[in-house]
Amino acid sequence: MSANFSAIIRATVFIVIALVLCGIIFEIAGYPGIQTFDAIIDGAFLRRNALEHALRWALPLFITATGVVISFRAGYFNIGAQGQFYVGAICAAFVAEWLKGYPGAVVVPLCFVAGTAGGALWALWPGLLRLRSGADEVITTLMGNFLAGLLLVYVTAGPLKDPSGSGQQASSRPLEAAYRISTSNGVSPTIIGIAIFVGLAMWFLVNRTAFGVLSGLGGRNPTMVQWQGASVWRIGLASFLISGALAGLAGTIELMGPNGRLAGGFLPAHGFTAVLIALVAGLSITGTAIAAFFFGGLASAALYLPVIAGLPSAAIDIINAAIALFITAKSRFVDRLANIWRRPWTTS
Amino acid sequence: MDDIVIAILRSGTPLVYVALAGVIAQRSGIWHLGLEGLMITGACATIVGTVLTGSVGLSLLIAILLCALGSVLFWLVVEILKANQIIAGLGLTGLGLGGTSLAIQAIFGSQGAVSAPAGLPKIGAAFGAYGGLSVLVLAMPFIVFLTWVLLCRTRFGLRLAASGEHPFAARSVGAKPAVMRLVALVIGGAFCALAGAELAAGSLQIFSQNMTAGRGFMGFAAVIFGAGHPIWATFAALFFAIVGAIGIRAQLVFGDRIPHDLLLGLPYIATVFGIWLSARLRGGARGATGGFGELKDP
Amino acid sequence: MKEPPDVVLACRNIYVTYGEVVALDDVSINFRGGMIHAVVGQNGAGKTTFARTVAGLVRPATGSLEINGRPIPGGNVNDARSAGVELVHQSFALPPSFTVAEAMQFGADGGRLYTRAALERRWQAHLDALDVKVRAGAQIRSLTVEQQQAVEIARALVTDASLLILDEPTAVLSPEGADKLFERIRRLKERGVTIILILHKIREVLAVSDTVSVLRGGQLIDGPLPAADIDAETLASLIIGPSGRAIAEEDRNSLTGATPPTTDGAATTAVTSAPMLSLTNVTTLSDGDGPPLDSVDLTVHAGEIVGVAGVEGNGQRTLVRAISALADVASGTLEIDGHDMADSSLLSRRALGLRVIPFERNVEGLSLTSPLWENWSVGRLLSKPLHAAIRPDGLRRDCRAAFDDWDVRYSNVEQRAGSLSGGNAQKVILSREMDDAARLIVAAQPTRGLDIGATAFVWDALRDARQRGCGVVFVSSDLDEIFDVADRVVVMFAGRVVAEFCAPFDLATVGSAMTGAQA
């Protein structure tokens with residue numbers, strides 16, 4: 001437990017450093033730093049219904065982030081959650097379009113199957129390239145994000161285009177009401193239920209199965225598990241597929257829940273935020289739940305800021321980026337600080 | 001024919017500069033995924049600077065300074081705080097993308113594109129059809145050559161490479177790998193500023209949000225495709241540019257028969273191909289670098 | 001040649017600490033010029049730290065250094081180098097992708113801008129002058145271990161070095177290679193260079209050095225003593241110290257390399273039991289990780305320890321990887337306990353009782369950032385399907401029990417493997433690999449980097465395994481320990497098994513086989 005505790009202290013210290021850096025950037029840009037943070041906290045957690053709004057963003061983020069945890073733990077830097085999220089949503093949208101008119105009880109589960117499979121598929125090819133040839137997955141999944149973004153633009157402006165749509169942003173035809181799993185507020189028993197199920201299943205997978213322990217060991221030291229006879233191939237492929245499937249699931253939820261349709265470039269920061277959540281959580285599933293709620297609050301504040309406080313929503317992107325910059329940092333000074341706190345109640 | 005070559009040079013030059021920045025960082029032992037963020041900072045600073053000061057030269061200087069500053073920040077985080085290079089690099093990229101969009105909002109009050117009254121100087125009518133290219137395109141081969149000399153034919157280059165490949169060996173002849181990396185990142189930062197300046201002010205004289213569209217990452221892929229060698233990385237970057245130019249050409253030829261959004265994806269596919277091919281030829285690229293921080297054993 | 005000053009290197013009250021570990025504890029010593037000085041001690045005694053401190057790579061917490069009468073601020077390589085100190089590292093500090101000429105150039109002064117031809121001409125002359133037979137254009141990674149060492153020495157002499165320190169230079173050499181090295185060192189001494197040799201074999205100390213100093217536990221026990229006045233027995237007890245009294249006489253000698261080993265092994269009776277492992281005509285594909293195996297025959301019976309000797313990098317690693325299904329076998333048969341296993345996975349080989357103690361303890365053996373119990377339970381987890389549910393509490397309990405059996409010193413099974421000392425870390429690996437189901441144990445350099453107590457522990461563990469009827473393959477580049485522990489010795493050279501010896505072993509014969517003389 002104490003090791004976790006000092007990890008929390010370390011994360012907190014570096015998040016504070018990141019926020020100070022953001023404050024300086026805000027000041028230079030001419031937005032008073034303190035007031036900006038005040039507005040962000042207000043928008044994220046304090047205003048009316050803020051917690052519900054935070055939850056709306058947190059649930060899909062949590063699902064994608066657990067997927068990121070699975071692949072990062074296994075040592076694979078699948079940065080492609082964004083693309084897998086898009087492809088999942090696109091596949092689900094196509095199924096909903098083809099089966100239009102069938103009852104929701106048939107179509108909705110099939111959409112989920114298609115969305116999850118689509119996400120897994122978009123993680124499959126970088127996974128194969130990595131495991132078969134050693135092609136670096138950081139670049140391939142990043143390129144996959146750009147490709148999926150273009151695919152989304154193509155789909156919303158082409159096959160699934162909403163002819164009645166106006167404005168610059170192309171979008172797909174809205175889903176039938178019978179296929180929606182939540183209203184646009186994005187919080188419904190179905191979505192909460194899915195998130196809880198995913199959370200429990202992934203916690204079990206990580207902590208209570210051979211896969212969980214072996215993928216963790218292999219992620220920290222692949223050579224060692226190979227010398228023990230592990231097939232890095234199977235563990236790696238499973239990790240890629242699970243992480244892609246979960247991102248695809250989150251995309252399906254966004255489509256069938258709050259959004260109700262596809263739009264070119266929707267939720268552009270989803271994948272990167274999920275990566276951050278996983279890292280802030282120290283790649284633990286329980287930590288991911290807490291961190292997802294925090295970043296869900298920030299995501300909801302991003303919408304609120306321009307309206308209420310006159311701040312660009314890029315402020316949230318900057319906060320996220322600064323946290324990414326520092327979250328994996330290590331410092332002997334901070335460790336010592338954490339140790340001072342720890343010492344009284346540890347014996348060894 | 002001329003227009004294709006011009007298109008390739010226009011889109012290829014920023015990629016070459018950013019790839020050179022990546023090569024220098026790579027040799028010193030840093031996987032630089034922050035190139036994209038530095039590049040967009042350079043692009044933004046050049047255009048906004050020109051709007052505000054009226055001087056292209058001055059704003060190019062500001063762009064270089066800002067990118068150098070960003071590089072120092074990146075160095076502090078990965079070298080002193082030992083952060084994971086990949087995650088910190090993505091953070092730097094996010095900071096560049098978010099910071100430029102915040103800056104546009106703060107200065108001009110909207111997030112729309114900004115156009116500058118002047119662009120980079122052109123090489124002039126003496127070059128005929130190519131006269132519309134900027135001086136940075138003309139300078140590119142010389143800069144590539146100078147980088148090659150610096151990296152492959154000087155003692156500094158050897159010590160830089162040793163800092164990346166075998167830091168202990170570098171230390172035992174008195175070189176300081178941490179300092180070498182700082183120097184490498186700052187030089188790379190300046191190259192990123194040039195890349196951004198060429199992208200934004202080379203021909204269009206416009207800055208818009210996220211206009212780099214992954215070019216920084218492509219530059220990084222060119223580093224891997226080019227095995228960390230300045231000349232080969234240059235060819236790799238030009239290869240990506242050629243594929244992009246073919247895509248644009250194909251749009252003109254095929255019209256609507258092939259969706260143009262998918263043709264836009266060709267450079268990204270070429271990048272994946274390049275990464276795959278270099279992994280096939282030389283084994284996994286990851287072997288050469290540590291940089292996995294906490295997630296991996298020392 | 002000008003007369004060397006009386007005291008070339010003077011160290012006063014040097015303390016070096018790594019975190020909470022004291023590596024050098026109040027070391028004060030003077031070395032006189034123009035001589036060959038040996039510094040000896042067991043692993044972990046502080047020898048390498050001492051060498052690195054003098055070379056400026058490690059900054060002492062307190063204390064002062066004087067070189068040729070000039071005070072040198074600690075912890076600065078450039079200061080130490082300009083004062084004439086050069087260090088040849090045990091695992092060479094040469095970037096593998098560099099050419100020999102580049103490796104010379106990056107440590108040299110001048111010639112900031114060069115062409116490749118000029119560079120190679122300049123350094124070829126330097127290499128020729130030192131009688132190092134290597135092409136200046138050759139890549140470091142293509143050189144043999146002996147050549148790399150020669151290049152590293154040549155690199156150290158690119159400046160006008162007056163004090164050359166060699167850190168365990170003989171560890172990677174055959175006995176003949178060591179003799180050649182000593183010859184080279186004597187020639188340098190004649191040129192007026194003062195030499196400090198970090199060694200751990202008494203035999204070599206007495207053969208080459210003028211004085212000897214002994215380090216133990218970071219403290220200077222004695223020295224510099226004139227080498228002529230000291231005998232092997234005294235030196236051995238200085239090195240081992242009072243804690244080593246329990247170690248058997250025979251082991252004491254081979255632990256310190258005191259006398260040329262001619263031991264008769266333990267069980268020299270003709271082995272009639274069934275072969276546990278038999279390789280027939282095994283050739284592997286080249287994969288860039290050491291030389292491939294070339295028609296290797298090897299048989300290991302139950303109840304015997306077969307030593308695999310050879311200069312490092314002659315295919316021992318490939319052999320172990322081939323047995324562990326980590327290198328691709330191109331042709332030949334590989335049988336474990338009578339089953340043809342050439343194409344089967346490591347997991348199915350492990351199911352037959354194969355256990356491997358890999359070369360690199362901290363990379364291949366353990367995940368340093370993972371908890372001890374996870375490290376210990378990998379093998380068990382791998383015997384289940386990936387999706388199988390596990391009970392971590394049960395695994396942790398079994399892990400504690402196994403650690404208690406093997407006398408592992410630890411505080412908590414949740415602690416990271418990296419927090420253990422080398423000896424304890426190796427015991428964790430032993431407790432994992434030498435379980436009751438083990439029948440064929442491949443131990444690759446299992447004592448590397450361990451102190452004398454831990455080394456003796458590993459030897460005893462291997463002998464116990466033999467007693468229980470296991471077949472043991474024992475790979476080591478240290479002939480003393482191979483002769484002491486093994487019943488039979490095979491020698492590898494360039495990917496082939498070139499010779500096989502039964503006890504009693506003769507150092508000279510086995511040593512010359514290591515250089516490929518019989519091939």
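In chain C, S1(C) and S2(C) form a hairpin with two residues between them, and C:Gly19 in the turn has a positive phi of about 60°. The model is a predicted one, in which local features need pLDDT of at least 70 and side-chain atom pairs count only at pLDDT 80 or more, while totals for chains, interfaces and linings use all residues. Residues are numbered from 1 along each chain as its sequence is written, and chains are lettered from A and ligands numbered from 1 in the order in which they are written.

C:Ala10 stands opposite C:Asn30 in S2(C). S1(C) also runs antiparallel to strand S4 (residues 62-67) of chain C, joined by five bridges. There, C:Arg12 has C:Ser64 in S4(C) as its bridge partner. In a regular strand, side chains alternate between the two faces of the sheet.

Chain C as a whole is divided into domain 1 (7-246) and domain 2 (275-514), with bounds that come from an automatic or database domain assignment. The C-alpha centres of domain 1 and domain 2 of chain C are 32 Å apart. Their contact takes 14 residues from domain 1 of chain C and 13 residues from domain 2 of chain C; two residues are in contact if their C-beta atoms, placed from the backbone, lie within 7 Å. On the domain 1 side, helix H6 (residues 175-190) of chain C gives the largest share, three residues.

Chain B has twelve helices and two strands. Its radius of gyration is 19 Å, close to the 19 Å that the globule rule gives for 298 residues, so chain B is as compact as a globular protein of that length. The radius is taken over C-alpha atoms, and the rule is 2.2 Å times the number of residues to the power 0.38. Of the 298 residues of chain B, 58% count as buried. Buried means that 20 or more other C-beta atoms lie within 10 Å of a residue's own, with C-beta atoms placed from the backbone; exposed means 12 or fewer, and partly exposed lies in between.

Chain B touches both other chains. Its contact with chain A takes 48 residues from chain B and 44 residues from chain A. H4(B) gives the most to the chain B side, with 16 residues. That side divides into 27 nonpolar, 14 polar and seven charged residues. In this count Ala, Val, Leu, Ile, Met, Phe, Trp, Tyr, Cys and Pro are nonpolar, Asp, Glu, Lys and Arg are charged, and the others, Gly among them, are polar. The contact between chain B and chain C takes 17 residues from chain B and 22 residues from chain C. Here H6(B) gives the most to the chain B side, with six residues.

The largest nonpolar core has 402 residues, and those touching the most other members include B:Ala222 and C:Phe474. Such a core is a set of buried Ala, Val, Leu, Ile, Met, Phe, Trp, Tyr and Cys residues joined through C-beta atoms within 7 Å. Helix H8 (residues 177-201) of chain B gives the most to this core, with 14 residues.

Notes: Helix = DSSP H or I, 4+ residues; strand = E, 2+ residues; numbered from the N terminus. Pairing = 2+ DSSP bridges.
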